Amino acid sequence: MILSMVFSLLTIILVIINLIPNKKYIYTVRAYKDSKAGAYDKAGKSILYLASPSLKIASTSASSVKIKWSKVAGAKGYYVYRKASNGSWKKIATIKKVQQ
């Protein structure tokens with residue numbers, strides 16, 4: 001399902017929602033004018049959609065926080081990000097070799 005489209009001078013952004021977790025999707029785009037269609041990338045661009053982990057704050061102390069999340073089927077690892085309330089996201093950890 002298409003949620004929205006954003007047009008700028010040189011690009012078009014299409015937001016597609018309701019993807020199924022742990023499913024591979026392949027996309028390609030083809031331009032057309034009247035009844036003529038242009039070339040397209042036959043291989044397309046693929047993405048494996050993974051669900052968002054369910055994040056919880058497990059505990060806090062004066063100088064630390066423990067976070068936990070549910071494992072995501074198909075994930076081989078996780079990137080952990082942090083931001084200040086008015087800042088931008090910064091990757092603070094990479095979790096590798098997650099056992100399913």
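This report describes surface, loop and pocket features of a predicted model.

## Nonpolar surface patch

Strand β1 contributes the most, with three residues. Phenylalanine 7 belongs to strand β1. The relative accessibility of phenylalanine 7 is 57%, and this residue therefore counts as exposed, since the exposed class begins over 50%.

## Asparagines with positive phi

The loop between β2 and β3 (23–27) holds asparagine 18, and asparagine 22 is found in the loop between β2 and β3 as well. Most residues other than glycine have a negative phi. Asparagine 18, although not a glycine, has a positive phi of about 65°. Asparagine 22 likewise is a residue other than glycine with a positive phi, near 65°. As to accessibility, asparagine 18 counts as exposed because its relative accessibility is 57%. Asparagine 22, with a relative accessible area of 41%, is partly exposed, because that class lies between the buried limit of 20% and the exposed limit of 50%.

The partners are lysine 45 and aspartate 41, whose closest N and O atoms are 3.7 Å apart. This pair qualifies because the separation of 3.7 Å falls within the 4 Å cut-off for a side-chain nitrogen of Lys or Arg and a carboxyl oxygen of Asp or Glu. The two partners can also be described by their accessibility. Lysine 45 counts as exposed, at 59% relative accessibility, whereas aspartate 41 counts as partly exposed, at 34%.

Alanine 43 is located in the loop between β5 (36–37) and β6 (45–49). With a relative accessibility of 62%, alanine 43 counts as exposed. Its C-alpha atom is separated by 8.7 Å from that of tyrosine 27, a residue 16 positions away along the chain.

## The largest pocket

The volume of the largest pocket is about 590 Å³. Elements that give two or more residues to its lining are β6, β7 (55–60), β8 (65–69) and β9 (77–82). Strand β9 supplies the largest share of the lining, six residues. In total, 21 residues line the largest pocket, and Pro53, Leu55, Tyr79, Val80 and Tyr81 lie nearest its centre. By residue class, the lining of this pocket divides into 18 nonpolar residues, two polar and one charged.

Serine 52 is part of the loop between β6 and β7. A relative accessible area of 65% makes serine 52 exposed.

The loop between β8 and β9 includes glycine 74 and also alanine 75. Alanine 75 counts as buried, at 7% relative accessibility, because the buried class covers values under 20%.

| Residue pair | Separation along the chain | C-alpha to C-alpha separation |
|---|---|---|
| Serine 52 and glycine 77 | 25 residues | 12 Å |
| Alanine 75 and serine 85 | 10 residues | 28 Å |
| Glycine 74 and proline 21 | 53 residues | 8.8 Å |

In the table, the pair of glycine 74 and proline 21 is 53 residues apart along the chain, with C-alpha atoms separated by 8.8 Å. For alanine 75 and serine 85, 10 residues apart along the chain, the corresponding separation is 28 Å.

Definitions and conventions:
Residues are numbered from 1 along each chain as its sequence is written. This is a predicted model: local features need pLDDT of at least 70, side-chain atom pairs count only at pLDDT 80 or more; totals for chains, interfaces and linings use all residues. Side-chain values use heavy atoms; hydrogens and water are left out. Helices (H or I, at least four residues) and strands (E, at least two) are DSSP runs, numbered from the N terminus. Buried means under 20% relative accessible area, exposed over 50%, partly exposed in between (1.4 Å probe, protein chains only). On a 1 Å grid over the protein atoms alone, a cavity is a set of points where a 1.4 Å probe fits but cannot get out, and a pocket is an open set with protein on both sides within 12 Å along at least five of seven lines; lining residues have an atom within 4 Å of a point. Grid points are joined across faces, edges and corners, and a volume is the space filled by probe spheres set on the points. Ala, Val, Leu, Ile, Met, Phe, Trp, Tyr, Cys and Pro count as nonpolar, Asp, Glu, Lys and Arg as charged, and the others, Gly among them, as polar.
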